[in-house]
Amino acid sequence: MKPLLLAIGLFPTVLFGQITLNVSDFSDGGDAVWMSTTVDPTLDFSSTGPNSTWDYSTLVYQNQEYKEYFDMSGASILVNILFGAFASTDYQATNYTSSSAIPLDQISGVLPVSITDVFQLSKNSSDSITSVGFSLAVEGTEVPFKSDTIETRYKLPLNYGDSYSSRGYSNMDMNPIYNGIWRQYRQRYSTVDGWGTITTPYGTFDALRIDHLIQESDSIFME
C-alpha cells in the first residue's frame, strides 16, 4: 500500500474564494512544470475544510524536478497505433510524461532485464483526467501497453465536497522481447476536503485540497 497523497490545485486570482477545477487547469501536451519536494515537520499539513488558510511561505525545497508533458504528435509509431487518432475513443491519449507509477526504484536491482524510460499515457477530457496506459523501454526496445481497466485520476469538474473512487488494472506482457509479465492493480479514493488560500514562497493562490488514498498491488513474473 502506498502512503496517502495530497494534491493541491493552485490558481492565481485577484479575488480569493471557492474555485472549481476544470480540464483547462491541468497540464497537457506541450506544458512543463517544476515540481518541488521538501520535508518540514513543524508545519500543519492536516488542517483543512472550507475557507482554510494554508501558510507555507517558509518552505524551502530540497529537491526539484522538471516535468514535461509531451504532445502525442511526438510519440513513436508504436505508441500512436495504440493511443493515437485511430485508437478507440477511451484510449485516445492527449499527452504522455515520465512516470514513477511503475516502482522500478524498488525492484530494479533484482530484475533480469533492463526497464527504463517509463512513460504514462493520459487522456484529458471535459469530464475527467484518465490513465490509459504505459510505454516502457525493455532492453532498449519501446513497448506500449494499454491499461485493461482505465483509472480516473480526476473526475471533473471538481468542487469542494466532491468525492469519487476509481480503479485501474494493467497487464504488461513483455513477450516476445522477454518472457515476463508485470501486472499492476490500483484502487483510488479521492475527496476534495478543503478550499481556501495557500501562501507559498511564490505568492498567494486560491486552492482546492484533494486527498487521494491509493492502494496499489504489483505482481511480476520473470523467467
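Which residues form one aromatic cluster with Y96? The tour answers this at its third stop, after a view of the whole chain.

**Before starting**

This is a predicted model, in which local features need pLDDT of at least 70 and side-chain atom pairs count only at pLDDT 80 or more, while totals for chains, interfaces and linings use all residues. Residues are numbered from 1 along each chain as its sequence is written, and side-chain values use heavy atoms, with hydrogens and water left out.

**Stop 1: the whole protein**

Display the protein as a cartoon. The protein contains 2 helices and 11 strands; helices (H or I, at least four residues) and strands (E, at least two) are DSSP runs, numbered from the N terminus. Followed from the N terminus, the elements are arranged β-β-β-β-α-β-α-β-β-β-β-β-β.

Now switch to a surface view. Of the 223 residues, 43% are buried. Buried means under 20% relative accessible area, exposed over 50%, and partly exposed in between (1.4 Å probe, protein chains only).

A contact means heavy atoms within 4.5 Å. Among contacts with a separation of 6 or more, 65% are between residues 24 or more positions apart.

**Stop 2: W34**

Select W34, in strand β2 (residues 32-37). W34 counts as exposed because its relative accessibility is 55%. The C-alpha atoms of W34 and Q64 are 6.5 Å from each other, although the two residues are 30 apart along the chain.

**Stop 3: the aromatic rings**

Select F70, Y96 and F119: together they form one aromatic cluster, which answers the opening question. Rings of Phe, Tyr and Trp (its six-membered ring) pair if their centres lie within 6.5 Å; planes under 30 degrees apart count as stacked, over 60 as edge-to-face and the rest as tilted. By this rule the protein has 6 aromatic pairs. In one of them, the ring centres of F70 and F119 are 6.5 Å apart and the planes meet at 75°, so the pair is edge-to-face. This pair joins distant parts of the chain, 49 residues apart: F70 is in the loop between β4 (63-68) and α1 (77-83), and F119 is in strand β6 (residues 115-125). F70 is partly exposed because its relative accessibility is 29%; F119 is also partly exposed, at 22%.

Two lysines are the next selection. A charge sits over a ring if NZ of Lys or CZ of Arg is within 6 Å of the ring centre and within 35 degrees of the ring normal. The charged end of K67 lies over the ring of Y69, 6.0 Å from its centre. That of K146 lies over the ring of Y91, 4.7 Å from its centre.

**Stop 4: strand β7**

Colour strand β7 (residues 128-138). Is this strand enclosed or open? With 11 of its 11 residues buried, β7 is largely enclosed by the rest of the structure.

Two strands pair if DSSP finds at least two bridges between them. β7 pairs with β6 in the antiparallel sense over 9 bridges, and V138 in β7 is the bridge partner of I115. These two strands form a hairpin with 2 residues between them.

β7 also pairs with strand β8 (residues 141-155), antiparallel and over 10 bridges. Here G133 stands opposite K146 of β8. β7 and β8 form a hairpin with 2 residues between them, and E139 in the turn has a positive phi of about 55°.

**Stop 5**

Select E151 in strand β8. This residue is buried because its relative accessible area is 5%. A polar contact is a pair of N or O atoms within 3.5 Å; within protein, one must be able to donate a hydrogen and the other to accept it, and residues adjacent in sequence count only if both atoms are side-chain atoms. The side chain of E151 makes one of 2.8 Å with that of R186 and one of 2.7 Å with that of R188. Leaving aside neighbours within four places in sequence, the residues that E151 contacts include I129, S166 and G168.

Finally, select R209 in strand β11 (residues 203-222). R209 is buried, its relative accessible area being 6%. Polar contacts join its side chain to those of T48, at 3.5 Å, and D193, at 2.9 Å.
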